[in-house]
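Hello,

Here is the structure I said I would pass on. My notes follow below it.

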Amino acid sequence: MQECKHIITIGREYGAGGRSIARKISEKTGIPFYDKDIITMTAEKSGFTEEMIQGTEEHEAGRNIFNWFMPSGAASSYDQAILAQAQTIRKIAKEGPCIIVGRGANYILRDFPNLVNVFLFADEEDKIKYAMETHDEPREKAIKRVRHSDTARESYYHYLTRERWGNLKNYDLCLNSSPIGKEACAEIIIEYAQRKPMVE
């Protein structure tokens, strides 16, 4: 078992293998990973439906996260659902080392020590092939799925942070999973986390 004491956040393009790589890191280090289960956890505690929380990732208009803490009384249901999800992510991170996939976790946890923020991308053809195989759909439909998914993630991240999704300055590591594969990506991320000094 490889040691890892950091919180790892993984931003990812569609088809870059974010969930698979997070799972591999978890298997190698023993620390838990969270992806879509964050939605379920948030729904159970907030009263919002899983569909509404899932839908926030495609909601493009609104305010910066700082406004959600202001007593304006004007927060929309989408804002409230996003805030509830952010609170779930922060609660998970307070419990110790973990891996969190997507949902702007690098921004939500930016005041936490000992973060390793990763962004995964992949070659366009590999992303299209992934969509075709996963959803058993023709190439043209797969292309649309890839573009829609990445556009939704980009919009959500900008909505949350007012920053550009995939900006390398917001991450410790940016990796192209296409040429080296998911196993190698997991190993690189673990090694980086092991080498990054801990803050007491």
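**Helix 1 and Thr29**

Thr29 is found in helix 1. Please keep in mind throughout that this is a predicted model. With a relative accessibility of 9%, Thr29 counts as buried, because the cut-off for buried is under 20%. Its side chain reaches the backbone nitrogen of Ile31 at 3.3 Å. Setting aside neighbours within four places in sequence, Thr29 is in contact with Met1, Gln2, Cys4 and Ile190.

Thr29 is one of several buried residues in helix 1; the others are Gly18, Ile21, Ala22, Ile25, Ser26 and Lys28. What covers the buried residues of this helix? The cover includes strand 1, strand 2 (33-34), strand 3 (98-101), strand 4 and helix 8.

The length of helix 1 can be checked too. Just after helix 1, Gly30 takes a positive phi of about 85°.

**Helix 4**

The check on helix 4 (residues 77-94) runs along the same lines. Its 18 residues should span 26 Å at 1.5 Å a residue, and the end C-alpha atoms are 26 Å apart, which agrees. Buried residues in helix 4 are Asp79, Ala81, Ile82, Leu83, Ala84, Gln85, Ala86, Thr88, Ile89, Ile92 and Ala93. Just after helix 4 comes Gly96, with a positive phi of about 135°.

**Aromatic rings**

How many aromatic pairs does the structure hold? There are three. In one of them, the ring centres of Tyr14 and Tyr130 are 5.5 Å apart and the planes stand at 70°; planes over 60 degrees apart count as edge-to-face, so this pair does. The pair links distant parts of the chain, 116 residues apart: Tyr14 is in the loop between strand 1 (7-12) and helix 1 (18-29), and Tyr130 is in helix 6 (residues 124-135). Is each partner buried or partly exposed? Tyr14 is buried, with a relative accessible area of 9%, whereas Tyr130, at 38% relative accessibility, counts as partly exposed.

Phe119 and Trp165 form another pair, with ring centres 5.3 Å apart and planes at 85°, so it is edge-to-face as well. This pair also links distant parts of the chain, 46 residues apart: Phe119 lies in strand 4 (residues 115-121), and Trp165 in the loop between helix 7 (139-161) and strand 5 (173-176). Both Phe119 and Trp165 are buried. Together with Tyr171, they form one aromatic cluster.

One ring has a charged residue above it: Arg110 lies over the face of Tyr107, at 4.0 Å from the ring centre.

**Tyr192 in helix 8**

Tyr192 lies in helix 8 (residues 177-195). Its relative accessible area is 28%, so Tyr192 is partly exposed. Which residues does Tyr192 touch, not counting those up to four places away in sequence? They are Val116, Asp172 and Leu173. Tyr192 and Thr9 are 183 residues apart in sequence, and 13 Å apart in space from C-alpha to C-alpha.

Regards

Definitions and conventions: Residues are numbered from 1 along each chain as its sequence is written. This is a predicted model: local features need pLDDT of at least 70, side-chain atom pairs count only at pLDDT 80 or more; totals for chains, interfaces and linings use all residues. Side-chain values use heavy atoms; hydrogens and water are left out. Helices (H or I, at least four residues) and strands (E, at least two) are DSSP runs, numbered from the N terminus. The expected span of a helix is 1.5 Å times one less than its number of residues. Buried means under 20% relative accessible area, exposed over 50%, partly exposed in between (1.4 Å probe, protein chains only). Rings of Phe, Tyr and Trp (its six-membered ring) pair if their centres lie within 6.5 Å; planes under 30 degrees apart count as stacked, over 60 as edge-to-face and the rest as tilted. A charge sits over a ring if NZ of Lys or CZ of Arg is within 6 Å of the ring centre and within 35 degrees of the ring normal. Contact means heavy atoms within 4.5 Å. A polar contact is a pair of N or O atoms within 3.5 Å; within protein, one must be able to donate a hydrogen and the other to accept it, and residues adjacent in sequence count only if both atoms are side-chain atoms.
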